[in-house]
Amino acid sequence: MEHIYDMVIIGGGPAGYTAALYSSRAGFDTVILERMSVGGQMTLTDVIDNYPGFPEGIDGFTLSQNMQQGAQHFGAKTMYDEVVSVDLSGEVKEIETAFSGKLYAKTVVIASGANPRELGLENEQELIGQGVHYCAHCDGRFYKDKVALVVGGGNSAVSDALYLSHLCKKVILVHRRDTLRATKVYHEPLKNAKNIEFYYNSVLSKVNTENSKVVSASLIDVKTNMKSEVECDGVFISIGRKPATEFLQNQLELDKGGYIVADESTKTSIDGVFAVGDVRTKVLRQVVTAVADGAVAVHYAEEFLA
């Protein structure tokens, strides 16, 4: 007989490990599948200062390790493996992994997260967290009274620019088109923000550094091909996120952005399957909202298993 877990959790970020904590603490046989390292996007933040209980802040790596240890204290298991496909249609759910074969579960919590879309710049990877960022609410505080450059023209980019405008001396918003795609609700606040400078019809081609610190950004005008350089202390790339849902293969209902359709109950279109954290449709994607999702999912999973 194959072993059937009470709960398999796909993804070892804050949502996944909170679900694991609550599930294992309730006495359920629980395993977390994590394809890379514990913590997900949280580990990219040097200091998380908006998570309750840490007045001096805490680094993402340490918080990730603490969350894992908390879940494992109650018996949750961690398997480092990649999920390649799932079959969620039956009473017993099947999860196919790259190295460990198939796992079977009565309930599944999908906490696979969403990754920021990158520009593909030459030195982008090496500067992540060291001058190049993807979350203004996470890392904006490092640029208080400095100059930050934001790339993008949608709601997220404009929201980031407005948030940074309250912290930074100046914010430079770079957008490849001649008008913003952000909804009208953002237009009036943008007009009132006196320290936001706009570069339309422009793309970021290079982030320039000196002594391992960002000092400027090279821009190209897409209409005239003219090159320019603007001084800045940090770059925030906000051109969207890509939810990690490739392995689902049309198993669940997704929205037009590829996120799993699930409301505050975290219930998906299939009974016994829950979506938590950044991978589900939601207004705010933060560590604190991710951990809340994890707890909520287990509440409804308990009802399902009863």
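Phe 236 is buried in this predicted model. Its relative accessible area is 1%. The residue belongs to strand S15, which spans residues 234-237.

Strand S15 is part of an open sheet. Five strands make up this sheet, and their pairing is parallel. The order is S8-S15-S9-S10-S11. Strand S8 (132-133) lies at one edge and strand S11 (196-199) at the other. Each of these edge strands pairs on one side only. S15 runs parallel to S9, and four bridges join the two strands. Phe 236 takes part in this pairing: the residue is the bridge partner of Val 150.

A search of the whole structure finds three aromatic pairs. Tyr 143 and Phe 236 form an aromatic pair of the edge-to-face kind. The ring centres are 5.6 Å apart, and the angle between the planes is 80 degrees. An angle over 60 degrees counts as edge-to-face. Tyr 143 lies in the loop between helix H4 (136-139) and strand S9 (147-151), whereas Phe 236 lies in strand S15, so the pair ties together parts that are 93 residues apart in sequence. Tyr 143 has a relative accessibility of 7% and therefore counts as buried. Phe 236, at 1%, is buried as well.

Another ring is involved in a contact with a charged group. The ring of Tyr 259 has the charged end of Arg 285 sitting over it. The distance from this charged end to the ring centre is 4.0 Å.

Key:
Residues numbered from 1 in each chain as written. Predicted model: local features only at pLDDT ≥ 70, side-chain atom pairs only at ≥ 80, totals over all residues. Heavy atoms only, no water. Phe/Tyr/Trp six-rings, centres within 6.5 Å; stacked < 30°, edge-to-face > 60°. Buried < 20%, exposed > 50% of the residue type's maximum accessible area, 1.4 Å probe, protein only. Lys NZ or Arg CZ within 6 Å of the ring centre and 35° of its normal. Pairing = 2+ DSSP bridges.
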